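Q: Can you walk me through this fold? I'd like to start with the strands and then look at the aromatic residues.
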Amino acid sequence: KLIHASKIDLKELLLSLHRSKDEIDSSVVDELLGLEYEKTEAAIQGQYSNEAWMNQPKELSQTDYELLRKFFKVQPPAKGSIAYDLGSGYGRFGLYGGLLFPEVKFKGIEFVKERVEVAQALARRLQLKNVTFYHEDVLKADFSDGSYFYIFNSLPSIESQVLDKLSKLTKKKKITI
């Protein structure tokens, strides 16, 4: 709460967390961002099926920032690429990646409209012009412009269909999943 009232540059603060050797506490980062996961999930209770990860603790449905730090160090997206998060939830992958790689376009596709609205608001707050979120069914979405794809435990009932769609894309170009 203190951070929100101060003049601290939120982008620089998050980047300094990334550069530090300390483990990143996801709940602290969410608080810095003003992400109120429980409040949003409670407001949409009953509007979507369990397949949209309703009533799940955020530890099971949202990628941990520490995991993202390690992931991006091992497998960074290429400069100029388009990176998709399929089932983007509140946008942690795109927001964190967008901060680290301003030369990469990050696009999130999420079925739950309210989560997309929260993610879009966070991208605006961080002034990330390279990050966009879409309210769309991932099976109907056109992500053929992408070359880098991220999926985190978000599509259990349609995972094989999504992987088939990505497999077809590999026949046209090289991609990273």
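Q: Which residue in strand 3 does Phe106 stand opposite?
A: Phe106 stands opposite Val131. Strands here are DSSP runs of E with at least two residues, helices are runs of H or I with at least four, and both are numbered from the N terminus. This is a predicted model, where local features need pLDDT of at least 70 and side-chain atom pairs count only at pLDDT 80 or more, while totals for chains, interfaces and linings use all residues. Residues are numbered from 1 along each chain as its sequence is written, and side-chain values use heavy atoms, with hydrogens and water left out.

Q: And what stands opposite Phe106 on the strand 1 side?
A: Ala83 stands opposite Phe106. Strand 1 (residues 82-86) and strand 2 (residues 105-110) run parallel and are joined by five bridges; two strands pair if DSSP finds at least two bridges between them. Leu86 has Ile109 as its bridge partner in strand 2. Strand 2 is also joined to strand 3 by five bridges, again in parallel.

Q: What is the strand order in the whole sheet?
A: The order is 3-2-1-4, in an open sheet of four strands with parallel pairing. Strand 3 (131-135) and strand 4 (148-150) are at the edges with a single partner strand each, so one side of each has no neighbour in the sheet.

Q: How does the chain get from strand 1 to strand 2?
A: It crosses through helix 7, and this β-α-β crossover is right-handed. Right-handed means that, with the strands pointing away from the viewer, the path from the first strand over the helix to the second runs clockwise. Strand 2, helix 8 and strand 3 also make a right-handed β-α-β unit.

Q: Is strand 2 mostly covered or mostly open?
A: Mostly covered: five of its six residues are buried. Buried means under 20% relative accessible area, exposed means over 50%, and partly exposed is in between, with a 1.4 Å probe and protein chains only.

Q: Now the aromatics. How many pairs are there in the whole structure?
A: A search finds 16 aromatic pairs. Rings of Phe, Tyr and Trp (its six-membered ring) pair if their centres lie within 6.5 Å; planes under 30 degrees apart count as stacked, over 60 as edge-to-face and the rest as tilted. Tyr84 and Phe149 are a stacked pair, at 5.7 Å centre to centre with 10 degrees between the planes. Tyr84 is in strand 1 and Phe149 in strand 4, 65 residues apart.

Q: How buried are those two?
A: Tyr84 is buried, with a relative accessible area of 3%. Phe149 is buried too, at 2% relative accessibility.

Q: What kind of pair do Phe93 and Phe106 form?
A: Edge-to-face, at 5.7 Å centre to centre with 70 degrees between the planes. Phe93 is in helix 7 and Phe106 in strand 2, so the pair ties together parts 13 residues apart in sequence. Both Phe93 and Phe106 are buried.

Q: What else does Phe93 touch?
A: Leaving aside neighbours within four places in sequence, the contacts of Phe93 (heavy atoms within 4.5 Å) include Leu68, Phe71, Asp85 and Tyr148.
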